Amino acid sequence: MSIQTGSAWVDGSGSRLAKYNFLSKVNWGRFGVIAVPSLWLGIFFFIPFLVVFKISLSETAIAVPPYTSLLEWDLEEAYLNLKLNLGNYLYLFEDTFYLDAYLSSIKIASVSTFFTLLVAFPIAYLIARSKPTTRALLLSLVILPFWTSFLLRVYAWMGFLKKNGLVNEFLLSIGVIDQPLTMLQTDFAVYIGIVYTYLPFMVLPLYSALEKMDMTLLEAAEDLGAKPATSFFLITIPMAIPGIIAGCVLVFIPAVGEFVIPALLGGSDTLMIGRVLWDEFFLNRDWPMASAVAIVMLVVLVLPIMLIRNGQGKEEAV
Amino acid sequence: MKRRSLFLNTTAIMGFIFLYAPMIALIVYSFNKSKLVTVWGGWSLKWYGELFRNEQIIDAALLSLKIAFISASVAVILGTMAGYVLSRFGKFRGKMIFSGWITAPLVMPEVITGLSLLLLFVAMEGLIGWPSGRGTGTIIIAHVTFCMAYVAVIVQSRLSQMDETLEEAAMDLGAKPSSLFFLVTLPLIAPAIISGWLLSFTLSLDDLVIASFVSGPGNSTLPMVIFSKVRLGVSPEVNALATIMIAIVAIGVIAAMFQMRRQAKLLGRQD
């Protein structure tokens, strides 16, 4: 980031406050307020990626820390050897396991985002159409689970979905099934877990989009003879699109790198890249491989999302 | 009109049941006397007793509360600075970069943040000898890093909704930038700062993935202990713990609602 003094700080369109801050000669204060958070994130958020990249190019070693260094200084020959090991990346592409894991993460995240939307829409619609007093109550009912522990909310489904859990007991007692279903440790349980834990992220943006909607549009449509279903699909849904997009982004992003939900609710065959990275690091103790998985995940999954988000930000600013 | 809302209402109510049924089941079963989670053995507070006698859980809970308190407080300071820059500094060179820089942690998968911070700490220890070993300190640094982004977003949105007239009045009356901030702006954005602190506290208290990467031996936070217990199956002690945590949150949210309603009434009277 370029830090400059003088008029570069403020161009003509800055607000009056901004100019005041500039004119008052407390540039050091201003500099500090920008620099302190930037430096913190630089050191603890951006430099780490360079370290990850560096380690992804090394080899595992039985040492502390468990990887080889890239630079080796050969004293006798006075050579400085730079050893870059691209083997981890080659292995990522050779072994279909990793590709499958990336694809399956995208699939699981997309499917569950879609179902989150289906579950969230009626809730958001109901809240947006209710009286102001009940509206506050319903909104807090949606937000309350969000403040409770994420881990415990996922855990609650373990007791619910297991073989002798409540869902099976209930289905058996009303006679829908005569054998308990295996639901825990399947992809199905992972979908449920994601929909459940990220539901508030979908309901809130949908609600704020639906709340702004002009109800007279629906009345006009009805007067002109539109059936409720028609006006729903031709008016309500299009009006809710900004909320739908915001909600889907908010659910998809954390879902795609999810670790806790597949670890607790998924089966051993539930492939998600967050879990692969975790196992590579904690079980195989292969730090270079885990780093390579992270770098590819960053480039393939995270950077596109960031670029899209920044693009949206620009559009809003205009 | 009526028929359609009946359909939507039914699905919405089913959505609320979906949201609350697992939690209610968890609460009910935390009072179950029997160790078998599906067999109802009558009401009992047995598991609460077990929970409070479990030193591992109590120690981890105290450690997590300490980490959450410190992380939230530091994150609020840094996040407020960043939010203030984003909404009150006008345009400056590199503002786009600054804004992307500040909010980037929000879209980063936890496994990547955790891994990269751990590798940084290991590399720094090799280079400059700090941090020597990992533990509470490294967890706090990690939590501050991802929480400050949330605080920045909350503070920024509050500042951009607020009109600048009060601040302009203060500066017309000759307030210095520092007193302008501490005497005028800060009290006005206090609610945003409080929600930012509470959110950071909750996020820190709840974090499993990042803490697992950056913690050292003997520094297990509460989520780490819970995770190792429930990975093997349902545990009645964890049910009791979950019930206590849900109760605390419920009381907090209800109190906040009453507070908001009271403020709304006060404001209504002023109009």
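Analyst: UniProt positions are given here in the numbering used for these chains, and such annotations may be inferred rather than shown by experiment. The model itself is predicted.

User: How do you know where the feature "transmembrane region" lies in chain B?

Analyst: The placement comes from an unreviewed UniProt entry, which puts the feature at residues 12–31, 67–86, 98–124, 136–159, 180–199 and 238–258 of chain B.

User: What makes up residues 12–31 and residues 67–86 of chain B, helix or strand?

Analyst: Residues 12–31 of chain B are 95% helix and 0% strand, with end C-alpha atoms 30 Å apart, while residues 67–86 of chain B are 100% helix and 0% strand, with end C-alpha atoms 28 Å apart.

User: Why is Asp223(A) called exposed?

Analyst: Exposed means over 50% relative accessible area, and Asp223(A) has a relative accessible area of 66%, so Asp223(A) is called exposed. Asp223(A) is found in helix H9 of chain A, which covers residues 215–223.

User: What makes the patch on the surface one of negative charge?

Analyst: Asp214(A), Glu219(A), Glu222(A) and Asp223(A) gather there, and because Asp and Glu count as negative, the patch is one of negative charge.

Technical notes: Residues are numbered from 1 along each chain as its sequence is written. Chains are lettered from A and ligands numbered from 1 in the order in which they are written. This is a predicted model: local features need pLDDT of at least 70, side-chain atom pairs count only at pLDDT 80 or more; totals for chains, interfaces and linings use all residues. Side-chain values use heavy atoms; hydrogens and water are left out. Patches are made of residues with over 30% relative accessible area and no salt bridge: like charges are joined within 9 Å, nonpolar side chains (Val, Leu, Ile, Met, Phe, Trp, Tyr) within 5 Å. Accessible areas come from the Shrake-Rupley method with a 1.4 Å probe; for residues, only the protein chains shown count as cover. A salt bridge is a side-chain nitrogen of Lys or Arg within 4 Å of a carboxyl oxygen of Asp or Glu. The place of a charge is taken as NZ of Lys, CZ of Arg, CG of Asp or CD of Glu. Helices (H or I, at least four residues) and strands (E, at least two) are DSSP runs, numbered from the N terminus. Buried means under 20% relative accessible area, exposed over 50%, partly exposed in between (1.4 Å probe, protein chains only).
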